[in-house]
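Here is a note for someone opening this entry for the first time.

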Amino acid sequence: MDFRTNIPIYVQIATSIKEQIMSGSLRYGDKLPSVREYSLIYEVSALTIQRAISQLDLEGIIQSKKGIGSFVLGDCKDNLESRMIGQQVGEFVEKMKKMGLTDEFIISKVKESLSNG
Amino acid sequence: MDNLISIKGISKKYNNTFVINDVSMSIPSGRIIGLLGDNGIGKTTLLKLLGNIQQPDKGEIRIGETLVSQMNAKDIVYLLEPVNIYDWMKIKDAISFYRDFYEDFDAQKALRICREFGLDPKARITRLSKGNKEKVCLLLAFSRQAKLYLMDEPFGGIDPTLKKNIKKFILENIPVNATIIMATHLIKDLEVLFDQIIILGAGKIVYVDTDEIRETRNQSIDEYYSEVMENAADN
Amino acid sequence: MLQTIKWESIKQFHRLKWIILGYAVLLLALTLIPADWGKEGSAASQMVLMFLSIVMMFGALGLSLYPMYNMVSDFRRKTYTMDRITGKSHIKVFLSKIIMNLAVFFLAAGIVYIGTILMDRFSTKTMNYFTYTLNKPYLTIMLEMVLLYPAIFLFSYMSASTHRFFRNHRMIGTLIGVAIISAITSYFQFSGTVYYIIGFIVGMILVIASGRMADQQFEQHIYNY
């Protein structure tokens, strides 16, 4: 995976795992790969993986059972979706505003995009 | 978070200049640490001090409670460069050598890795390609079980595919809770791998968490490093 | 300790194998050359024999100086790192080298002895090729070549290498050390068994002292980085 180098790596990995949960590749009750397996998949250190897992555990998206592994908590799927989307929208709006666009202009552009499918 | 290495007030001089000047720091276990700096001799010196290949002029270095100079190479692996290996040695000779002198060395593992790399144990090491020589050094180092691995520019002059394979090899074979300190100038390539970095400039040290830099400054480590080196130059 | 001796002997073998092979071939050649070469008076054959004599001489000389060089030669190579990081004590290393010196000594003695016998076949009343006379008993030569002189050389080198100033000028430092120690020892004249005992003790003390210095303070010269 290609990482942006100016945001924490563990955050990007946590996001990547969240996306997998949202898209359904990881479902409720699934056991996540081990720390070492993840470290090889993402080509990062074990510590970074552990931080990502801790983050997800903190957010209630997965549950870590010491000595056994980490498991996906599915009932947070909808929550996850709206939170992630909320984050994306927030970032988008901020970008647009930085370019100096007005609220009305932003809304009209969004409507345009939606009606185009 | 255990403190693995304790460095107190070490200084090292060459030709009347301080290459390392009154440096103190504590390094935890379980970290992959990049050692950066524009001057090769500083980074090499620090690694050699940690590996007991050189002695500090002042100060002391301990791993756990024991002084590095009294550890007899237990728990510390210093990655060899191909030139350090006797030119008459075949790969199996080097493996025998390691097996004879290091209790934590797994000769079976070394031979298995050798096969996986597609190398013939009966090959003379000096006759291998540069990349293969480096692979031999790596398989020797990582067939040992240690707490600290010291690597001085292990990716120098190696093609990108091999670099990727070596990265994976290291991640695959590093023992749990071991710390790696890797000197390199390939910051862009490797910054994602490092949990922490040590920047050595003008004998002084900067020691930081990589993700913390990214979080608080929105900078890549490459950018941060350039900034630190510029500031050092201005002072 | 056994491992150290094992690898030291393997290392010496690889270092000396060509010389040993060369001299084996030379000795073989000497057995094959007809004895009348020397007696015939042909200038060419005499020159060849002369040349071979000189080669034998250099061999004997080289092999007798080798034990001294052997003590410190590893320090001057990049392979020192491979040995150093094993953490084995330098005392063990130096003692292994002394043992190897003994082996080299016997090898050299053997070559010289056989060479002398072989070359003797060619001697005439006027021409004597490779011969030798010893002004000291064998045991003395053995003690000096295998232990005492190498120990003095090693100790001087180690003192120079761990000294603040001389560490960058090791050869000069070593020579000064050797000169000083030679001057001191020339005051004492021992002979017979006393000499052997004292020589052995002094040699061992210098070796062990060098080992401790090396363990605690030795670093390779900066040009080895």
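Predicted model: local features only at pLDDT ≥ 70, side-chain atom pairs only at ≥ 80, totals over all residues.

1. Four strands of chain B form an open sheet, and their order is E2-E1-E4-E5. The pairing is antiparallel. Which strands sit at the edges? They are strand E2 (17–28) and strand E5 (66–67) of chain B, each of which pairs on one side only.

2. Ile63(B) stands opposite Thr66(B), a residue of E5(B).

3. Asp2(B) belongs to the segment before E1 of chain B. Is Asp2(B) buried or exposed? Asp2(B) is exposed, because 10 other C-beta atoms lie within 10 Å, and a residue counts as exposed at 12 or fewer.

4. Asp2(B) still has partners from elsewhere in the sequence. Not counting residues up to four places away, Asp2(B) touches Pro28(B) and Ser29(B). Gly30(B) is 28 residues from Asp2(B) along the chain, yet their C-alpha atoms are separated by 8.5 Å.

5. Next, the interior. In soluble globular proteins, nonpolar side chains tend to be buried together. Here the largest nonpolar core has 94 residues. Ala94(B), Leu148(B), Tyr149(B) and Leu150(B) touch the most other members.

6. Take Leu150(B) as an example. Leaving aside neighbours within four places in sequence, the contacts of Leu150(B) include Leu47(B), Leu50(B) and Gly51(B). Ile76(B), Val77(B), Tyr78(B) and Leu79(B) are also in contact with Leu150(B), as is Ile181(B). Another core, of 23 residues, lies apart from the largest one. Among its residues are Phe94(C), Leu148(C), Tyr149(C) and Ile152(C).

7. Turn to chain C. How many helices and strands does chain C have? The count is eight helices and zero strands. Along the sequence, the pattern reads α-α-α-α-α-α-α-α. The C-alpha trace of chain C spans about 65 × 40 × 35 Å along its principal axes.

8. Chain C has 225 residues, and 31% of them count as buried. Consider its contacts between residues at least 6 apart in sequence. Of these, 77% join residues at least 24 apart.

9. Chains B and C meet. The contact takes 19 residues from chain B and 17 residues from chain C. On the chain B side, helix H2 (residues 91–101) of chain B gives the largest share, three residues. The chain B residues that touch chain C divide into twelve nonpolar, six polar and one charged.

10. Chains A and B meet too. That contact takes 14 residues from chain A and 19 residues from chain B. On the chain A side, helix H1 (9–23), helix H2 (35–42) and helix H3 (46–58) of chain A each supply at least two residues. The chain A residues that touch chain B divide into eight nonpolar, five polar and one charged.

11. Last, the layout of chain A. Chain A is divided into domain 1 (9–75) and domain 2 (78–115). Taken over C-alpha atoms, the centres of domain 1 and domain 2 of chain A are separated by 28 Å.

How values were computed: Residues numbered from 1 in each chain as written. Chains lettered and ligands numbered in written order. Contact = placed C-beta atoms within 7 Å. Nonpolar A, V, L, I, M, F, W, Y, C, P; charged D, E, K, R; others polar. Pairing = 2+ DSSP bridges. Buried ≥ 20, exposed ≤ 12 C-beta atoms within 10 Å, placed from the backbone. Domains from an automatic or database assignment. Core = buried A, V, L, I, M, F, W, Y, C linked by C-beta atoms within 7 Å.
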